[in-house]
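Please read the numbered points with the model open alongside.

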Amino acid sequence: MNTPTDASVPSLAVIAPDAAASGEARQAFLHASMARHAGIACRVAAPEASWLARQCRASGLDFIPITSGFASGNGGRILSQSLKASPPRVLHGFGVSGGVLAIRHRKSVGGAAVVSVFEAAELRGLAKADHVLAADSACVAALHQAGLDASRVTLHGLAAPDQRKLGQHNRTTARAALRLGEEHIALLVPGPLHADLGQDTLLDAIDAIADHRLRVFLPGTKESEFGRRLHIQAAQMPAAAGGMIGRLDDPSLFQAFDACVAPIRRAHAAHHVLPALAAGLPVVCNPVGVLADLVVDGEQGMLTQRDDSAGLQKALTRMLLDVEEFSRMGRAASAAFQARASMLPASRRYVSLLRKLSVADAVT
C-alpha cells in the first residue's frame with residue numbers, strides 16, 4: 001500500500017451512491033464535516049443532483065460530482081480517476097452499495113475501506129471491509145453472527161447536531177408562534193411525509209383518543225399524494241387540529257412541543273427523531289434501529305410496535321394523564337442524546353478510527 005508522508009493526518013473519501021437513503025446521505029455529510037473539522041482532507045462522491053451534493057457545495061466540502069451511475073459508465077470512470085489522482089488513506093462507503101464501492105476502489109488506490117451499516121439485514125459484501133460502523137446494537141449482533149471479527153465492528157450509532165441554542169424562541173414564544181394555548185398538549189411527528197415514518201398509524205391512534213387538548217403537527221406539505229391523504233384525514237379529526245407546519249427551520253420551535261411520536265417502520269428513518277431527543281422531547285416510537293438503543297421504555301419515552309395503533313393510543317393516553325412524567329422522560333431523552341448521538345462524542349470516535357486505520361495502512 002502507499003506510504004503517506006504523515007500517517008497521523010489521514011485523507012478520506014466518502015462515497016454515498018445513487019441508492020443512498022435519506023439517513024445514509026445525512027450521515028455521510030455529517031461524517032465528512034467531522035473529518036474536515038478535525039483537519040482531515042476529505043472528498044465526497046455523490047450523484048451530482050442529490051441532496052448530499054447540494055449540502056457539500058453549500059458548505060464548501062470538496063465534492064466529486066458523479067454524473068451517472070457509480071458502478072459503470074461515466075460515473076464509475078469519474079470516481080476511479082479522481083481517487084487514483086489523489087489516493088485517499090480511507091474510503092468510507094455508506095450503506096451496502098456504498099460499502100461495496102469503497103471496498104472495490106480500495107484495491108486500486110490502496111488504503112482502508114470503512115462501511116457504515118444502517119440495518120441488520122445489510123450484510124452483503126461486508127466481509128472484505130477493514131472496519132464496519134454499525135448504527136445500532138441489532139446491527140452489531142447480526143454482523144457478529146455473520147462471522148465478522150469483533151475487532152472490525154464498532155457500535156457507532158447515528159450523529160446529529162445539537163441545535164438547542166439556535167433560533168430566537170423560548171417555550172412561550174414558540175408555542176405562541178404555533179398558536180398553542182396553555183391547555184394544549186402538542187405532539188411533533190417527524191417528517192418528511194413518508195410511508196416508512198408510519199404517520200398513518202399515528203392518525204389511526206389519534207382518531208380513537210379524541211381529546212380536545214391534543215394538537216398534532218406534521219412537518220411537511222400537502223403536495224405529495226401521501227401528504228394530501230394525511231392532511232385530509234387529520235382535518236376530519238377534531239382532536240388532531242394542527243396539521244402541516246412546513247419545515248422547522250428554526251430549531252428553537254421544538255420547545256413548543258410536549259412529545260415526539262415516531263412510529264417509524266425502517267431503521268434508516270431513525271435520524272429524523274434525533275433532533276427531538278436533542279431538544280429534550282420524550283419519544284413514543286417503535287424500537288427500530290438506533291431508537292432501540294436510545295429509548296428505554298418508561299425512561300426516555302415509551303416503546304410501541306410497528307403498525308400498532310392500539311399501542312400508540314395507549315401510550316398517548318398515558319401521556320395525557322401524566323404530562324409531568326413525560327417531562328421527566330424528556331430530560332432523560334436529552335441526556336441520552338448527549339451521551340450517544342451528539343456530534344462531539346461521535347466526532348471523537350470517528351476521527352480516532354480514521355487515524356488508527358491510516359497508521360495501520362502505513363505499516364502494511
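1. Pairing of β8 and β11. Strand β8 (residues 185-188) pairs with β11 in the parallel sense, over two bridges. One of the partners is A259 of β11, which is bridged to L187. Helices (H or I, at least four residues) and strands (E, at least two) are DSSP runs, numbered from the N terminus, and two strands pair if DSSP finds at least two bridges between them.

2. Basis of the model. This is a predicted model, in which local features need pLDDT of at least 70 and side-chain atom pairs count only at pLDDT 80 or more, while totals for chains, interfaces and linings use all residues. Residues are numbered from 1 along each chain as its sequence is written, and side-chain values use heavy atoms, with hydrogens and water left out.

3. Pairing of β11 and β12. β11 also pairs in the parallel sense with strand β12 (residues 283-285), over three bridges. Here V261 has V284 of β12 as its bridge partner.

4. The two faces of β11. In a regular strand the side chains alternate between the two faces of the sheet. Strand β11 (residues 259-262) is covered on both faces: A259 and V261 are buried on one side, and C260 and A262 on the other. Buried means under 20% relative accessible area, exposed over 50%, and partly exposed in between (1.4 Å probe, protein chains only).

5. Residue R265. R265 is placed in the loop between β11 and α9 (274-278). Is R265 buried or exposed? R265 has a relative accessible area of 15% and is therefore buried. Its side chain forms a polar contact of 2.6 Å with the side chain of D307, and another of 3.0 Å with the side chain of D200. A polar contact is a pair of N or O atoms within 3.5 Å; within protein, one must be able to donate a hydrogen and the other to accept it, and residues adjacent in sequence count only if both atoms are side-chain atoms. Setting aside neighbours within four places in sequence, R265 is in contact (heavy atoms within 4.5 Å) with A195, D196, G198, D200, T201, V288, R306 and D307.

6. Helix α7. D200, a polar partner of R265, is among the buried residues of α7. This helix (residues 199-209) is mostly covered, with eight of its eleven residues buried; L202, L203 and I206 are also among them.

7. Of its 13 lining residues, R171, F257, A279, G280 and L281 are the closest to the centre. Helix α12 (residues 323-340) gives the most to the lining, with four residues. By class, the lining has six nonpolar, four polar and three charged residues. Ala, Val, Leu, Ile, Met, Phe, Trp, Tyr, Cys and Pro count as nonpolar, Asp, Glu, Lys and Arg as charged, and the others, Gly among them, as polar.

8. Terms for pockets and cavities. On a 1 Å grid over the protein atoms alone, a cavity is a set of points where a 1.4 Å probe fits but cannot get out; a pocket is an open set with protein on both sides within 12 Å along at least five of seven lines, and lining residues have an atom within 4 Å of a point. Grid points are joined across faces, edges and corners, and a volume is the space filled by probe spheres set on the points.

9. Cavities. How many cavities of 30 Å³ or more are there? The count is two. The largest cavity has a volume of about 50 Å³, and α1 (22-37), β5 (112-117) and β6 (131-134) each supply at least two residues of its lining. That lining comprises seven nonpolar, five polar and no charged residues. The second largest cavity, of about 30 Å³, is lined by F118, A135, D136, L158, A267, A270, G289 and V290. F118, A135 and L158 are also among the residues that line the largest cavity.

10. Two further loop residues. L61, in the loop between α2 (51-59) and β3 (62-66), is buried, with a relative accessible area of 6%. L61 and S33 are 28 residues apart in sequence and 7.7 Å apart in space, C-alpha to C-alpha. G147, in the loop between α5 (137-145) and β7 (153-155), is exposed at 58% relative accessible area.
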